[in-house]
Amino acid sequence: MQSATAGTRLTRAAAWVLGLLLAFAVVPAALQPTTARADNPIVQHVYTADPAPLVYNGRVYLYTGHDEDGSTYFTMKDWRVWSSADMVNWTDHGSPLSLTTFSWASSDAWAGQTVQRNGRFYWYVPVKNRATGRMAIGVAVADSPTGPFRDALGHPLVENGEIDPTVFVDDDGQAYLYWGNPNLWYVRLNADMTSYSGSPTKTPLTAAGFGARTGDANRPTLFEEGPWFYKRNGLYYMVFAAKCCSEFIAYSTAPGPTGPWTYRGTIMPTQGGSFTNHPGIVDFKGNSYFFYHNGALPGGGGYTRSVAVEKFSYNADGTIPTINMTNTGAPQAGALDPYVRQEAETIAWESGVETEASGEGGMDVGWIENGDYIKVKGVAFGAGASSFAVRVASANAGGTVELRLGSPTGTVVGRCGVPGTGGWQTWTTVTCPVSGATGTQDLYLRFTGGSGYLFNVNWWQFTQGGAVAPPR
Ligand code: FUB
């Protein structure tokens with residue numbers, strides 16, 4: 001049950017405050033963090049990097065890299081998937097793609113992007129080719145946005161030592177793969193999304209197109225890496241990480257998919273305690289969102305990064321305003337329904353817990369100790385809940401799930417006892433009465449019990465109904 005992350009987690013609460021003070025040293029006092037309000041970074045139990053959002057079927061799927069704990073380089077072995085229906089409560093879908101998926105890859109599971117076409121999901125990633133020692137672009141394919149993904153080709157799609165693929169399918173069906181560092185390359189992908197026509201073409205990196213850089217004869221423009229390519233209202237956007245090694249996010253636009261590009265300036269200035277940054281932009285439920293990464297978690301920095309999100313609005317002329325990092329993140333788009341089954345690994349914020357693959361499918365929450373909690377934001381109880389059911393397992397003596405509103409120390413609306421079940425994957429469902437959970441509230445599942453790990457949680461669900469006796 002023990003994970004690498006679990007060993008460090010007891011220091012998180014104290015280090016979190018210090019980490020944010022450092023990471024947001026330039027942020028005005030009004031934005032200074034309080035633990036209760038923080039929803040950025042999106043994930044707290046592992047380090048995540050290089051966000052690549054995809055909107056599909058009413059959810060936003062977020063594909064990320066994974067920085068190893070204590071990393072001192074881009075030591076990355078797998079990628080992760082998360083999803084959300086509201087931009088604040090994120091479901092952990094685990095790791096359906098890793099270096100081992102690509103038999104020819106040796107290391108460097110770096111910044112990729114997933115696109116959907118004809119009901120299939122294509123995940124383009126840069127990895128090191130064991131045979132050549134060079135960075136190459138691989139492509140994995142799945143029938144679901146959460147995988148499982150398999151190597152589509154058994155060899156690189158394209159290889160020239162450069163990284164960070166971004167893919168966009170234009171309105172006419174032509175797909176483009178851009179990638180590069182230090183250059184910016186593109187190829188036209190065929191409709192199968194796993195082959196291309198013509199040769200890789202180098203985009204002219206001119207000062208007019210990508211901004212002028214001084215002091216580096218080998219890199220005359222601001223373009224560094226991490227391109228994010230898309231189209232909006234007939235205008236093509238190339239958003240990118242600019243000017244290593246205190247990167248900021250900048251962008252260029254073009255009237256066509258291959259240029260000519262015009263530099264449009266900075267979107268996100270250098271900030272956040274990571275010397276790299278990485279953009280991802282989507283529209284979701286009528287609003288626009290900007291994803292990025294920083295070093296804001298405890299122990300965070302240039303090689304231990306975390307993805308975060310901000311809502312923004314385009315200017316009337318299609319330009320993008322300056323966007324700064326916040327610890328509050330995007331406002332909730334909708335509310336969460338507690339009267340349908342919710343995965344325990346759907347989390348707005350947590351303290352102390354980890355996730356793992358569940359024997360019942362999907363993921364579960366584990367490594368729970370006394371006082372740990374999960375925050376689920378904006379839970380729509382409506383007229384009121386009468387009971388709570390929770391799927392639990394424990395190889396120890398179990399404990400209690402406290403249901404609290406507003407904060408980890410907020411009003412208790414229910415308490416569910418969890419028995420020992422004889423195993424961490426030996427599941428049972430327990431229920432308890434609930435009283436006082438009405439309206440829309442931030443719900444805290446707070447876990448209490450003795451010493452050591454208490455129990456695992458797979459899912460939970462409230463039942464709607466009249467008042468019952470308040471919990472004692
Ligand atoms: O995460 C590894 C590398 O760092 C990515 O490929 C770059 O974009 C930078 O974020």
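Colleague: What volume does the largest pocket have?

Modeller: Please keep in mind that this is a predicted model. Computed on that model, the volume of the largest pocket is about 430 Å³.

Colleague: Which residues are the closest to the centre of the largest pocket, and which element gives the largest share of its lining?

Modeller: The lining of the largest pocket is made up of 20 residues, and the closest to the centre are Gln-113, Phe-168, Tyr-230, Ile-281 and Val-282. The elements that give two or more residues to this lining are β1 (47-56), β7 (113-117), β12 (166-169), β16 (223-232) and β20 (280-284). By class, the lining holds 14 nonpolar, 3 polar and 3 charged residues. The largest share, 5 residues, is given by β16.

Colleague: Which elements give two or more residues to the lining of the second largest cavity?

Modeller: The second largest cavity has about 40 Å³ of space, and the residues that line it include Pro-51, Gln-113, Trp-228 and His-278. Its lining divides into 5 nonpolar and 4 polar residues, with no charged ones. The elements that give two or more residues to this lining are β1 and β16.

Colleague: Which strands stand at the edges of the open sheet of 5 strands?

Modeller: The order of this open sheet is β25-β28-β33-β30-β31, with antiparallel pairing, and the twist from one strand to the next averages 30 degrees. Each edge strand has a single partner, so one side of each is left without a neighbour in the sheet, and these strands are β25 (349-351) and β31 (411-418).

Colleague: What is the bridge partner of Leu-405 in β33?

Modeller: Strands β30 (residues 399-405) and β33 (residues 439-448) run antiparallel and are joined by 6 bridges. For Leu-405, the bridge partner in β33 is Leu-443.

Colleague: How much of the chain is strand over residues 340-463?

Modeller: An unreviewed UniProt entry annotates residues 340-463 as "domain: CBM6". Over these residues the end C-alpha atoms are 9 Å apart, and the chain is 0% helix and 64% strand.

Key: Residues numbered from 1 in each chain as written. Predicted model: local features only at pLDDT ≥ 70, side-chain atom pairs only at ≥ 80, totals over all residues. Heavy atoms only, no water. 1 Å grid on protein atoms, 1.4 Å probe; cavity = no way out; pocket = protein on both sides within 12 Å on 5 of 7 lines; lining within 4 Å. Points joined across faces, edges and corners; volume = space filled by probe spheres on them. Helix = DSSP H or I, 4+ residues; strand = E, 2+ residues; numbered from the N terminus. Nonpolar A, V, L, I, M, F, W, Y, C, P; charged D, E, K, R; others polar. UniProt positions renumbered as here; feature names shortened; annotations may be inferred. Pairing = 2+ DSSP bridges. Axes fitted to C-alpha atoms, helices over the stretch in contact; angles between N-to-C directions.
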